[in-house]
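Subject: Structure for your files

Hello,

Here is the structure I said I would pass on. My notes on it follow below.

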Amino acid sequence: MAELPDARTSLVGRTAEGDEAWLIRGIAQKLYRCPGCHGEIEIGARHVVVQFVRRVGGTDHHHWHEACAAELLVPELRGVRRVSATRSKRDRLEARGRRSPRRRPAP
Ligand SMILES: [Zn+2]
């Protein structure tokens, strides 16, 4: 199985389009639908939150099953590496998405 985020560390890589993809461990607070298999992620389930910081600016996120993220999402990303989970807090990434890509430091 590919690498997955855990409570202390997140993963960051880039999509083919050049967007940043931050993979963060989540615990489902409500029912989510996984974009990988279209199945439900049950409340309380550990899963992967993928937060995109778009190259053109802005952010959005999706909730994935761990297995689906490992099989379908992670292999599509480039340069995936592990970073401290404190770097991938939601407000921090949203602030990143408001910066011009040129002035944004490398993730
Ligand atoms: Zn799934």
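P107 touches V12, R14, E20, W22, R81, R87 and R96, leaving out residues up to four places away in sequence. Please keep in mind that this is a predicted model. P107 sits in the segment after α2. Is P107 buried or exposed? Its relative accessibility is 16%, and the cut-off for buried is under 20%, so P107 counts as buried. P107 and G13 are 94 residues apart in sequence, yet their C-alpha atoms are 8.3 Å apart in space.

One of the contacts of P107 is R96, a residue of helix α2 (residues 90–98). R96 has a relative accessibility of 12% and also counts as buried. Beyond four places in sequence, R96 touches E20, W22, V53, R104, P105, A106 and P107. R96 and H61 are 35 residues apart along the chain, with 14 Å between their C-alpha atoms.

H61 belongs to strand β6. H61 is partly exposed, at a relative accessible area of 30%. With residues up to four places away left out, H61 touches V49, V50, Q51 and R90. For one of these, V49, the separation from H61 is twelve residues in sequence and 6.7 Å from C-alpha to C-alpha.

The zinc site

Which residues hold the zinc ion? The ion is coordinated by the SG atoms of C34, C37 and C68 and by ND1 of H65, at 2.1 to 2.4 Å. The angles among the four donor atoms run from 95 to 118°, and the site is tetrahedral. Along the sequence the donor residues follow the spacing C-x2-C-x27-H-x2-C.

C34 is buried, with a relative accessible area of 1%, whereas C37 is partly exposed, with 40%. A further donor, C68, is among the buried residues of helix α1.

H38 lies in the loop between β3 (32–33) and β4 (40–41). The phi angle of H38 is near 65°, a positive value in a residue that is not glycine. H38 is exposed, with a relative accessible area of 55%.

Helix α1

Helix α1 covers residues 66–73, and its buried residues are E66, C68, A69, A70 and L73. An α-helix has 3.6 residues a turn, so residues three or four places apart point the same way. What covers the buried residues of α1? The cover includes β2 (20–27), β5 (46–53) and β6 (59–64).

L72 is also in helix α1, but L72 is partly exposed, at a relative accessible area of 41%. Apart from its neighbours within four places in sequence, L72 is in contact with G36 and W64. L72 and L31 are 41 residues apart in sequence and 21 Å apart in space, C-alpha to C-alpha.

The largest pocket

How much space lies in the largest pocket? The figure is about 350 Å³. The pocket is lined by 18 residues, and I24, R25, G26, I27 and V49 lie nearest its centre. Strands β2 and β5 each supply at least two residues of the lining. Of the elements, β2 gives the most, with four residues. By type, the lining divides into seven nonpolar, seven polar and four charged residues. V49, one of the residues nearest the centre of the pocket, is also in contact with H61.

A buried loop residue

T15 is in the loop between β1 (9–14) and β2. T15 is buried, with a relative accessible area of 9%.

Regards

Key:
Residues are numbered from 1 along each chain as its sequence is written. This is a predicted model: local features need pLDDT of at least 70, side-chain atom pairs count only at pLDDT 80 or more; totals for chains, interfaces and linings use all residues. Side-chain values use heavy atoms; hydrogens and water are left out. Buried means under 20% relative accessible area, exposed over 50%, partly exposed in between (1.4 Å probe, protein chains only). Contact means heavy atoms within 4.5 Å. Donors are N, O and S atoms within 2.8 Å of the metal (3.2 Å for Na, K and Ca); water is not among the atoms, so sites may look incomplete. Four donors count as tetrahedral if all angles lie between 85 and 135 degrees; four count as square planar and six as octahedral if opposite donors are over 155 degrees apart and all others between 65 and 115; anything else is irregular. On a 1 Å grid over the protein atoms alone, a cavity is a set of points where a 1.4 Å probe fits but cannot get out, and a pocket is an open set with protein on both sides within 12 Å along at least five of seven lines; lining residues have an atom within 4 Å of a point. Grid points are joined across faces, edges and corners, and a volume is the space filled by probe spheres set on the points. Ala, Val, Leu, Ile, Met, Phe, Trp, Tyr, Cys and Pro count as nonpolar, Asp, Glu, Lys and Arg as charged, and the others, Gly among them, as polar.
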